[in-house]
Amino acid sequence: MIDTPEPNTAAAARAANSGLVRDFGLLIKSATRLEQRIDAALRRECGISHTMLEVLIRLCRQPGEEVSQRQLADDLTLTSSGTTRLVDRMEEAALVRRVPSPEDRRVALVEPTTEGRATFLRAAAVHARVVEELFVRPLAAADYTRLTKALSEIDKALREAG
């Protein structure tokens, strides 16, 4: 007896091989691979993860700014419990410290330590090197400009969509 494909097999194959699926998959795979390369370099050269660098970027962006764990969770799109565990690890590594909010004693603010700022500066240089090598350099300058403009437009549309 000859196996005949189910009626939806061809339609499913077309959907799985569509340009939109392929193009979005390429974006996700490229972003994931780049993030993995950045994370590996940061762990090897600075002893921190890429997510820890993202926390330090947020904390160092506006010196003296009060940043709560809730704000960190929102900015980094992490859960509250995930942010708490991350800040715990960073506090144990002497990269950040929690301080009570002067306005609300129930709120803990997070600030970088002197060691955290020094680690951030080393990590920012590693991050810049990897991004330059694997994100910027492979493209012609005009293509890089178009890519970043397009990504900004996509980000804007996503923020406006809620």
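Q: Axes are lines fitted to C-alpha atoms, for helices over the stretch in contact (heavy atoms within 4.5 Å), and angles run from 0 to 180 degrees between N-to-C directions. Which strands does helix α3 lie across, and at what angle to β3?
A: Helix α3 (residues 50–61) lies across β1, β2 and β3, at about 95 degrees to β3. Helices (H or I, at least four residues) and strands (E, at least two) are DSSP runs, numbered from the N terminus. This is a predicted model, where local features need pLDDT of at least 70, side-chain atom pairs need 80 or more, and totals for chains, interfaces and linings use all residues. Residues count from 1 along each chain as written, and side-chain values use heavy atoms, without hydrogens or water.

Q: What makes β2 and β3 a pair?
A: Pairing takes at least two DSSP bridges. β2 and β3 (residues 108–112) have five and run antiparallel, so they pair. One of the bridges links R97 with E111 in β3.

Q: Why do β1 and β2 count as edge strands?
A: The open sheet's order is β1-β3-β2. β1 (67–68) and β2 (96–100) each have a single partner strand, so one side of each lacks a neighbour in the sheet.

Q: Why is F24 called exposed?
A: Exposed means over 50% relative accessible area (1.4 Å probe, protein chains only), buried under 20%, and partly exposed in between. F24, in helix α2, has 52%, so it's exposed.
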